[in-house]
Amino acid sequence: MKDSKVILIGDGAVGSSFAYASTILGIGRELGIIDINENKAEGDAMDLSDAISFTKPKSIYKASYADCKDAEVVVITAGIPQKEGETRLDLVEKNLNIFKDMIKSVVDSGFDGIFVVASNPVDVLTYATWKYSGFPANKVIGTGTTLDSSRFKKEIASLIGIDPRSVDAYILGEHGDSEFAVWSHTNIGGLPIYEWISSNSEVDEIALLNTFEKTKNAAYEIIKKKGATFYGIGMALARIVEAIINDENAVFSTSSYLNGEYGLKDIYIGVPTVIGKDGAKWVIEIPLTDIENERMESSAKTLKQILEKSFS
C-alpha cells in the first residue's frame, strides 16, 4: 500500500537538495534514494535521518529499483549535468540512453505512481520518460518552467520592492533559451503589471523588461559562478511532490503533455498545470497575445526538432 512513499533516482547536487528540502518540509513518510554511487546514497540517507527529530517522522534509506514498486512518486534527477558553455539541449543524446534503461527498471518493478522529472533538457527527457514508460501522460510530469517562473517573480519583486509571493507571473515554453514571459498575465495583487508601472513612476520600465533577461540567463550565471544550480530546483521539486501527495490541486508551470492545448500536440512543454494526486490533472490554457502565441509556437518548434531528431 502506498504511504506517501517517494523514491529519488540520482543523488547528485539536485537530488540531494530535493532530499533535504523534502525532509525539512516533512514531505512524505518514506524516502528511498537510488544512485550509482551506493555509498553516497547510504551516507545521505544516514545524514538526512539525523534531521527528522527536528521535522516529522520519516523513513529515509538507500533504495534499489525494486523499492519503486509501491512508491507514490518517483523523482528523477539522474543524468549528465549541464556544464559551463553548454545549453540544456546539448545534453539530449548523453541522457537519452541513460533514461531508457532507468525507466525500464522502474516500470519492471511494478511501479504505477507518478513520475516527476527534473533532469535536463527536462522537456525532452519528460517526453522520453512518457514514451519509455508507456504511462498515461498525466502520470509523467517535468519541472518545466516552475523554477523559471519563481526566478521571474523574484526579479520583479526585487525591482518594485514587494514580497515575491504577491507577484503572479509565469514563464512558459521550453525550460531553456526559447522560453518566454507572459507579460499579459503578470500582475501584483490583481493589478496588471503595466498598470502598476503607470501608477508607480519610480519603476523603470526598461529595468522591468530586463527582469526576464535576468531570469532566462540565471542558470548560466549560477553555473559560471558555482558550477551548478541545485537549491532552487530542489525546492521546486519538493513543492511539486508535496502537491501530488497532498492532492493540493496547486498550479505550477510544469512540463506537461499537450494534446491540442495552445494549438500544440504530442509535446511536453512548460504550461500552467493543476497538480494533485493524479499528477497533471489538467492544463490551464490561458489566453495569450499574438506575440506570446508566436513565442510559444517558436519554443515548441525548437523542442519538436530535437524530439524528431532524437527519436527518429
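Modeller: Start with contacts in this predicted model. Setting aside residues up to four places away in sequence, serine 4 touches Gly28, Arg29, Glu30, Glu72 and Ile245.

Colleague: Where does serine 4 lie relative to β1?

Modeller: Serine 4 is in the segment before β1, which spans residues 5-9.

Colleague: Is serine 4 buried or exposed, and why?

Modeller: Buried means under 20% relative accessible area. Serine 4 counts as buried because its relative accessibility is 17%.

Colleague: How should I read the largest nonpolar core, and which residues touch the most other members?

Modeller: In soluble globular proteins, nonpolar side chains tend to be buried together. Here the largest nonpolar core has 45 residues, and Val74 and Tyr262 touch the most other members. At least two residues of this core come from each of β1, β4 (73-76), α3 (92-108), β5 (114-117), α4 (122-133), β13 and α9 (290-311). Another core lies apart from it, with 32 residues, including Leu8, Ala236, Leu237 and Ala243.

Colleague: What is valine 74 in contact with, leaving aside neighbours within four places in sequence?

Modeller: The contacts of valine 74 are Ile7, Ile9, Cys68, Val106, Phe111, Ile114, Phe115 and Val116.

Colleague: How many bridges join β13 to β14?

Modeller: Four bridges join β13 (residues 265-276) to β14 (residues 279-283), and the strands run antiparallel. The two form a hairpin with two residues between them. Within this pair, isoleucine 275 stands opposite alanine 280 in β14.

Definitions and conventions. Residues are numbered from 1 along each chain as its sequence is written. This is a predicted model: local features need pLDDT of at least 70, side-chain atom pairs count only at pLDDT 80 or more; totals for chains, interfaces and linings use all residues. Side-chain values use heavy atoms; hydrogens and water are left out. Two strands pair if DSSP finds at least two bridges between them. Buried means under 20% relative accessible area, exposed over 50%, partly exposed in between (1.4 Å probe, protein chains only). Contact means heavy atoms within 4.5 Å. A nonpolar core is a set of buried Ala, Val, Leu, Ile, Met, Phe, Trp, Tyr and Cys residues joined through side-chain atoms within 4.5 Å.
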